[in-house]
Amino acid sequence: MTAADRGGKMLDMSKPIVAVKSVVIRFAGDSGDGMQLTGDRFTMDTASLGNDISTLPNFPAEIRAPQGTLLGVSSFQLHFADHHIRTAGDAPDVLVAMNPAALKANIKDIPRGATIIVDKDEFTSRNLTKVGYETNPLEDGSLDSYKLHAVALTSMTVSALSELPLTRKEAERSKNMFALGLLSWMYHRPTEATEAFLKAKFAKKSDILEANLIAYRTGWNYGETTEDFANSYEIASAHMQPGVYKNIGGNTALAYGLVAASHQAKIPLFLGSYPITPASEILHELSKHKKFGVTTFQAEDEIAAVGSALGASYGGALGVTTTSGPGLALKGETIGLAVMLELPLIIVNVQRGGPSTGLPTKTEQADLLQAMFGRNGESPAAVIAASTPSDCFTMAMEAVRIATTYRVPVVLLSDGYIANGSEPWKIPDVASLPDLSVEFAKTQENFMPYERDPETLARPWAIPGTKGIEHRIGGIEKQDKTGAINYEPANHDFMVRTRQAKVDGIEVPDIDVDDPTGDATVLFLGWGSTYGPIASAVETLRNNGEKIAQAHIKYIAPFPKNLGAILEKYPKVITPEMNLGQLAMLLRSKYMKDIVGYNMVRGLPFTTAELVEAAMGVLHND
Amino acid sequence: MTDIALTKKDFTSDQEVRWCPGCGDYSILSTMQSFLPELGIERENIVFISGIGCSSRFPYYLNTFGMHSIHGRAPAIASGLAISRPDLTVFVITGDGDALSIGGNHLIHALRRNVELKILLFNNRIYGLTKGQYSPASEQGKITKSTPYGSLDTPFNPVSLALGAEASFVARTIDSDRKHLSEVLRQAAAHKGSALIEIYQNCPIFNDGAFDQVKDNETKDGSLLQMVHGQPIKSATTGVIREGASLKLVDLDSVDESQLVIHDAHDPDPSYAFSLSRLSGSSLEHTPIGIFRDVERPSYGAMVHEQLDAVIAKDGAGNLEKLLNSGDTWVVD
């Protein structure tokens, strides 16, 4: 399908068009330059062309770090291709740098031969000095091995807007749209969607709208007319399964999954949450969906957030709390109460760099052991993890299935990478979603609040308002069946084991191993957001003739039943984790299997190249 | 409403009550069990949620729904329940340590939001369950296990704290005065929104006699400043008059009764109730008793549901298929 068929803007493209298979672009600028928006729009316009895409935003924790400094650089990386891709790409083919700081902060990631587009107006001696450039890199030859385009982005934007009643500063703000227009020309992105987006966004500010539209079109036209750009590029649609798609980020997918689960369970969703990066977006998204009966309660703190969710769950709602690592630490005691009360509770932890405040806007997987064990006593909770942005939808529904079936707290782990990253999502047919209907205890004689279902070991979900089953529960140890306070040694031992057995017995799908030849001896085994980089590395290795198997764990407590057999089958297992080996520790202790860890804790996802190298080491060197 | 009138017995659970002999909690429990039938609410629609502490065992002894939760968090847990289930009547049972120390944050936020919770704060000015450390309500200089040289902390006045937190209903009563306690419970139950009731409660083991000043026949009438809406505020010996923007204690002998402040629990200005709360110090010599404040403002749960209903009335009930397919989508054939 051509761009024209998809309603793309037809231009009289007078320059040669080069077909490429995939491109990685990184937009970088000051955190106030609108790079995230620019990247988002390019992504949307790209998705609609049917390319496969994967994105990775990277921004500082400071909302507005000092202008023009390295600390304030914000970037958005986007990988798009005519084939299936798994990551946002290791190394950009194109860097758009809106100022010297953006160039300096990113140049180390840019391979020689790549294209660099800079706003040359920003390369003033003052700005250069601010980031420690002694000479102007645009002139001193240090960028000779790149395809450098020094474009007067600011001044061309300002002069294009000279007719509008705007101050220079206001006019300059549209330069990100100039850059977007230029890149849209280079890669033949359709412009209608972005124009419609701008019209909606600035509906009440006609001057600003006009400025953005003019800057956007000027950028496009500049690409078409200037001699600086000799070619434009075309990337064919990727072959994807038929269906309706949208580009979705992990946090949005997770919120949709919760709404869908509440719909399928036919109970109202109650979210108790306290704002925290990078999880707040889920609160924002869910707060929009009141028409689905969703209550969002912005609590006074993390503890009240989970407490209110548990209270709502006690009343028969779908109690959910969303947080990140430091918040999970605060919620520990209440999760322990949920373990004891045996009520459904969903705790979403969008992991970020730790410990303590750590790296709030960066990704990490170092809360796994906290999710597993971060409570007093023998306090088992189910722990599951999403592997990609769109998988957050599926795993949110899974979290609800497990919590409501087994009346246990479920910790759903996501992380900054998949929360903020995005990919095309084949929108599921609502009719195909699982039925998650719940059953509450009914009026009865001699009600026993801790009498268990023999199969699931779940106790009844006995909600207030049901006549004849009034009962008292609490955090103190309870007698089996009656739920009365009980301190007897044998009873405590029995209850501790029973709560563990209940979690151990949760039905989870078997894990699939991807081993095309069936005789690989090395297994790449990951969990969570490392799925993309691992799959990408596996693909590269196989293209190079290597035999390697891949499996990905999404259910950690309990592990899938066939995991032990899989570990036994492969002599060597490599597990990359963005921590110091937390899954590896669990695997070793449960299965007595040695695991080769590949551990990096940089706040960034793995690159394909480093995982390929790590695997090559295991495949050949020892 | 119930079909058949319930009795105290219907609200008494089969659990053996395990407070220390002579504990003030017994009389509060007994008064509550006697009072509940009066509400005319079915047992299954009443929930007691407590935190941790001696008083927090309370829910076990009532044959309603109940949850003995964790230290300080009862208002947070109860908020989630009360907001999502406005059909229920939710009581929070807490103590001075539970509510004012570890759970202080949840208490003030529940009150400011006006969540439909009736919060009974059993104040014995001591930590009982942990065997006798000072509490945030203990008087300065108090000798306890953790303060052998005397506590240095300035205590909270729970009523002042609640008023500062924008509470719409605040009262004080005494464990042993069944009639007064019942009346306060009655008014709190009739109030829409959150209610904070401070109950002076004697701990015979670790802080015996803490409230003798307002309980002993010899001293109580002269110490308790009775607050009855529409009546002058006074004790047997002392009255309350206005002095500038503030309130002042005077000997009843020195003023004409017509000069005394006529109590207005519905005064929209919270500084009036706050001034009343400041009349008492740790010594209890002049202790206002009754309802400090009872003003109407929308309850949080009601507003939450109004907002949900309003959105549905305006936009229609949610359509999942539409939500999932919203925004920029494309078709792959």
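Analyst: Helices here are DSSP runs of H or I with at least four residues, and strands are runs of E with at least two, numbered from the N terminus. The model is predicted. By that count, chain B has eleven helices and eleven strands. The C-alpha trace of chain B spans about 90 × 50 × 50 Å along its principal axes. Of the 333 residues in chain B, 49% are buried. Take the contacts in chain B with a separation of 6 or more: 66% of them join residues 24 or more positions apart.

Now the contact itself. Chain A puts in 59 residues, and chain B puts in 52 residues. On the side of chain A that touches chain B, several elements give two or more residues. Among them are the helices α1 (35-47), α9 (250-265) and α12 (325-341) of chain A. The strands β10 (269-273) and β17 (472-474) of chain A are also included. The largest share, nine residues, comes from α11(A). Sorted by class, this side of chain A has 29 nonpolar, 21 polar and nine charged residues.

Strands also pair across the contact. β9(A) pairs with strand β11 (residues 329-332) of chain B. The two run in the antiparallel sense, over four bridges. Within this pairing, look for Lys246(A): Thr329(B), in β11(B), stands opposite Lys246(A).

Key. Residues are numbered from 1 along each chain as its sequence is written. Chains are lettered from A and ligands numbered from 1 in the order in which they are written. This is a predicted model: local features need pLDDT of at least 70, side-chain atom pairs count only at pLDDT 80 or more; totals for chains, interfaces and linings use all residues. Two residues are in contact if their C-beta atoms, placed from the backbone, lie within 7 Å. Ala, Val, Leu, Ile, Met, Phe, Trp, Tyr, Cys and Pro count as nonpolar, Asp, Glu, Lys and Arg as charged, and the others, Gly among them, as polar. Two strands pair if DSSP finds at least two bridges between them. A residue is buried if 20 or more other C-beta atoms lie within 10 Å of its own, exposed if 12 or fewer, and partly exposed in between; C-beta atoms are placed from the backbone.
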